[in-house]
Amino acid sequence: LGVSVITVSKALRDHSDISQETKARVLKRCKEMNYRPNLAARALVTGRTNLLGFVVPDLLHSFFSEIVRGLSSALQGTAYTLVTTSSDQDPKLEKQAVEQLIARRVDVLLVASAQWTVEMFRRVEEAGIPYILIDRSFTGLAAHFVGVNDEEVGALATRHLAEVGSKRIAHIGGSELSPVVGRMEGYKRTLLKLGLASDPELIYNVDRVEELGDATGYEATKKLLSQSPQPDGIFCYNDAIAYGAIAAVLDSGLRVPEDVAIVGCGNILYNKFLKIPLSSIDQQTISIGQKAGKLALQLIEAGEPIAPQRILLEPKLVARQSTQRKIESTPRTARA
């Protein structure tokens with residue numbers, strides 16, 4: 001080729017101070033020789049691995065899979081690769097995954113955390129790796145965050161149930177993760193604003209909301225329906241819980257939505273194909289991933305710490321049959 005090693009290196013890195021003709025000659029020769037750069041060696045020189053690590057609590061739940069899709073789309077056309085691993089909602093497994101990604105010297109770490117404390121993130125800070133919290137934040141931890149406005153999720157769902165005629169609106173929630181707390185606050189605030197009953201018996205809290213899903217929704221709804229008077233609307237923390245809630249209502253001899261209107265959260269892709277299509281709050285999951293990916297690239301390019309950014313997306317209601325109620329004067333009562 002008659003060029004120096006430095007020129008070849010610049011051509012492979014798409015450097016701007018060599019001509020397009022020289023770059024084309026180098027790349028053509030590399031293709032002929034089936035040459036691939038040694039990324040591990042390059043990382044030793046540049047201090048970058050071109051890897052982004054993402055720890056999620058559950059890959060079976062389409063919410064996190066959609067975020068991964070959004071992240072991947074944001075990285076398309078860049079030199080960066082996304083490494084994704086699941087903690088299976090286990091804080092210990094999450095810590096192990098984070099330690100492994102730190103050892104791999106990822107350029108940015110993204111975490112949808114199952115932790116109850118911020119101790120693990122102090123370890124990430126000590127390692128000098130920028131990180132972004134996804135979906136779940138921590139009080140008192142100044143960190144980059146990308147997620148949905150969870151208080152508005154709760155407000156939007158509760159307001160919609162009231163608009164279709166529900167007077168006793170129940171909520172099935174769970175552990176003290178920030179999305180659960182935010183949605184609960186939005187639910188309570190909206191009931192107060194609308195002058196509707198805010199009865200503690202209308203709130204059913206469960207452990208490990210993401211894991212238990214429809215079985216939890218079924219059990220919780222059966223207990224809620226044993227009350228007198230019964231709830232006539234239920235806001236479920238996620239869509240999986242809502243599936244169980246619908247089954248419990250139907251098994252009790254009641255109708256959805258005539259007797260009990262139900263709204264979930266997540267807007268899972270197949271909600272519209274259910275026997276009773278589910279009304280749900282869309283969290284813009286792909287956009288969460290895309291915005292997180294763009295923020296990650298920004299952190300890498302900055303080369304130094306920047307002030308924490310909090311990016312909140314606004315939720316949207318997708319109304320379907322589970323809340324499309326024709327209000328009747330004589331609702332049914334659940335079978336004993």
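Guide: The C-alpha centres of domain 1 and domain 3 lie 58 Å apart, where the domain bounds come from an automatic or database domain assignment. That division gives domain 1 (5-37), domain 2 (49-147 + 285-311) and domain 3 (150-283 + 319-323). This is a predicted model, in which local features need pLDDT of at least 70 and side-chain atom pairs count only at pLDDT 80 or more, while totals for chains, interfaces and linings use all residues. Residues are numbered from 1 along each chain as its sequence is written, and side-chain values use heavy atoms, with hydrogens and water left out.

The part I would take up is helix α5, residues 91-103; helices (H or I, at least four residues) and strands (E, at least two) are DSSP runs, numbered from the N terminus. Its 13 residues reach 18 Å from the first C-alpha to the last, close to the 18 Å expected at 1.5 Å a residue, the expected span being 1.5 Å times one less than the number of residues. Glu94, Ala97, Val98, Leu101 and Ile102 are the buried residues of α5, where buried means under 20% relative accessible area, exposed over 50% and partly exposed in between (1.4 Å probe, protein chains only). Seen down the axis of α5, these buried residues fall within an arc of 140 degrees, so they line one face of the helix; the arc is that of the directions from the helix axis to the C-beta atoms. An α-helix has 3.6 residues a turn, so residues three or four places apart point the same way. The buried residues of α5 pack against β1 (51-56), β2 (81-86), β3 (108-111) and α6 (119-126), with contact taken as heavy atoms within 4.5 Å. On the other side of α5, Lys92, Gln100 and Ala103 are exposed.

Just after α5 comes arginine 105, with a positive phi of about 55 degrees. This residue sits in the loop between α5 and β3, and is partly exposed, with a relative accessible area of 41%. Asparagine 267, in the loop between β9 and β10 (279-282), also has a positive phi, of about 50 degrees, although it is not a glycine; asparagine 267 is buried, at a relative accessible area of 16%.

One joins serine 228 and proline 229, with omega about 0 degrees, and proline 229 is in the loop between α9 and β8. Another joins valine 256 and proline 257, with omega about 10 degrees, and proline 257 is in the loop between α10 and β9.

Not counting residues up to four places away in sequence, cysteine 236 touches Ile172, Ile241, Ala242, Ala245, Ile262, Val263, Gly264 and Cys265.
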